[in-house]
Amino acid sequence: MPVPKWPKTAVPPTPSAPSAPSGPAARSASSAPPTLRERRRATAVREILDAAELHITEHGPEGLSLRAVARSLGMTVQALYHYFPNRHALVTMLVTKGYEDLFAAVQAAVDSTADSAAGAGGTAADSAADRPFVSRLLDAAEGYRGWAVTHPERFKLLFGTPLRGYAAPADGASTIAARRMSTIFQNELFGGFSPEQLAAADIPSLSPQFRAHLDHLPPDGPGVLPPPAITLLMEAWGRMHGMVLLEVFGHTSFLGDHQAEIFHLAMRNMLADIHRRIPGSAGAVEARAV
């Protein structure tokens, strides 16, 4: 099966701590082991994040209180401010870590099936390359859902009602982490299709203004795709994410233990719908479906 001919989206790794100095000092520091003070600070930051995540799990994102987090750690609020200058800084780090953990869950779901296939012969890398893109996309979607239903309050922090007065920094750590997580779906959804196929996807005509807007998206995310593929990507994202939101917020509880099954069926139908609109894929959809 051919692989996409556009360059893979390159997203820099998401920082998990305050930014380091740049220039010669940064290069020198990167080769030196962390000092005792730096290790203690990193440990304190991890403990604060763990305590804040536990507080969110128990009280919901809207109940996040720096005073309560500090109290649970035997700290004063003033001491906590040495690590996070305000509530927004703590929320940004929590959102960043949430996206990192969600990405890890999605990637692990894709890799786990590849590892199982490798156990039957060959390497994990070979098995991942040979597995159908439809199968890998479904694995990614299942990993996304699995993390969300296991960590509903953290998922709500990422995608629920925005915290009052909070706005994520533009192109900050949390934004970069979100883009990194979304690229796996972009790659798996359109893996095996050429840019020419994606550009010829059967979609309603786009307005000149909208097409111009899509043409100017930065090439570090969906902007690497032709405009028709961007619209298909957003449709797929909406259908997958919408199903997960319904479950996390309790709107599909009437399905009981069958919520996972209906999600899997919905993702199969969504993929079939998307791929049928891409030239040259009609016959391959059935062959690749699992």
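**Exercise 1. Sort the lining of the second largest cavity by residue class: how many nonpolar, polar and charged residues are there?**

Keep in mind that you are working with a predicted model.

Step 1. Start with the names. Glu 53, Ile 56, Leu 94, Gly 98, Arg 154, Leu 157 and Leu 158 line the second largest cavity.

Step 2. Now sort them. Ile and Leu count as nonpolar, Glu and Arg as charged, and Gly as polar. For this lining, that gives four nonpolar residues, one polar and two charged.

Step 3. Next, look at where the lining comes from. Two or more residues each are supplied by helix H2 (36-59), helix H5 (87-119) and H8. The top contributor is H8, with three residues.

Step 4. Finish with the volume: the second largest cavity has about 40 Å³.

**Exercise 2. Describe the largest cavity: what is its volume, and which residues line it?**

Step 1. Searching the whole structure turns up three cavities of 30 Å³ or more. The largest cavity has a volume of about 70 Å³.

Step 2. Its lining is made of Leu 137, Phe 185, Leu 189, Leu 233, Ala 236, Trp 237, Met 240 and Met 270. H9 and H12 are the elements that give two or more residues to this lining, and H12 gives the most, with four.

Step 3. Sort by class again. This time you get eight nonpolar residues, no polar and no charged ones.

**Exercise 3. Find out which helix gives the largest share of the lining of the second largest pocket.**

Step 1. Get the volume first: the second largest pocket has about 350 Å³. There are 18 lining residues, and those closest to the pocket centre are Ser 182, Gln 186, Pro 222, Leu 233 and Met 234.

Step 2. Check the elements. H9 and helix H12 (227-248) are the ones giving two or more residues to this lining. H9 has the largest share, with six residues.

**Exercise 4. Classify the ring pair of Tyr 144 and Phe 155: what do the centre distance and the angle of the planes tell you?**

Step 1. Remember what you need: a pair of aromatic rings is described by the distance of the centres and the angle of the planes.

Step 2. The whole structure has eight aromatic pairs. For Tyr 144 and Phe 155, the ring centres are 5.9 Å apart and the planes are at 85°, so this pair is edge-to-face. The cut-off behind that step is an angle over 60 degrees.

Step 3. Tyr 144 is in helix H7 (residues 133-150) and Phe 155 in helix H8, 11 residues apart, so the pair links distant parts of the chain.

Step 4. Follow Phe 155 to another partner. Phe 155 and Phe 159 make a tilted pair, with 4.9 Å from centre to centre and 50° between the planes. Both sit in helix H8, four residues apart, which is about one turn of the helix.

Step 5. Zoom out: Tyr 99, Tyr 144, Phe 155, Phe 159, Phe 185 and Trp 237 form one aromatic cluster.

**Exercise 5. Look for charges over rings: which ring does Lys 156 sit over, and which one does Arg 180 lie over?**

Step 1. Go to Lys 156. Its charged end sits over the ring of Phe 249, 5.1 Å from the ring centre.

Step 2. Go to Arg 180. This residue lies over the face of Phe 103, at 3.9 Å from the ring centre.

**Exercise 6. Decide for Gln 259 and Gly 165: buried or exposed?**

Step 1. Gln 259 lies in helix H13 (residues 259-276). Its relative accessibility is 17%, so Gln 259 counts as buried; the cut-off is under 20%.

Step 2. See what is around Gln 259. Setting aside neighbours within four places in sequence, Gln 259 is in contact with Arg 145, Glu 247, Thr 252 and Ser 253.

Step 3. Gly 165 is in the loop between helix H8 (152-159) and helix H9 (173-190). At 63% relative accessibility, Gly 165 counts as exposed, because the cut-off is over 50%.

Technical notes: Residues are numbered from 1 along each chain as its sequence is written. This is a predicted model: local features need pLDDT of at least 70, side-chain atom pairs count only at pLDDT 80 or more; totals for chains, interfaces and linings use all residues. Side-chain values use heavy atoms; hydrogens and water are left out. Buried means under 20% relative accessible area, exposed over 50%, partly exposed in between (1.4 Å probe, protein chains only). Contact means heavy atoms within 4.5 Å. Rings of Phe, Tyr and Trp (its six-membered ring) pair if their centres lie within 6.5 Å; planes under 30 degrees apart count as stacked, over 60 as edge-to-face and the rest as tilted. A charge sits over a ring if NZ of Lys or CZ of Arg is within 6 Å of the ring centre and within 35 degrees of the ring normal. On a 1 Å grid over the protein atoms alone, a cavity is a set of points where a 1.4 Å probe fits but cannot get out, and a pocket is an open set with protein on both sides within 12 Å along at least five of seven lines; lining residues have an atom within 4 Å of a point. Grid points are joined across faces, edges and corners, and a volume is the space filled by probe spheres set on the points.
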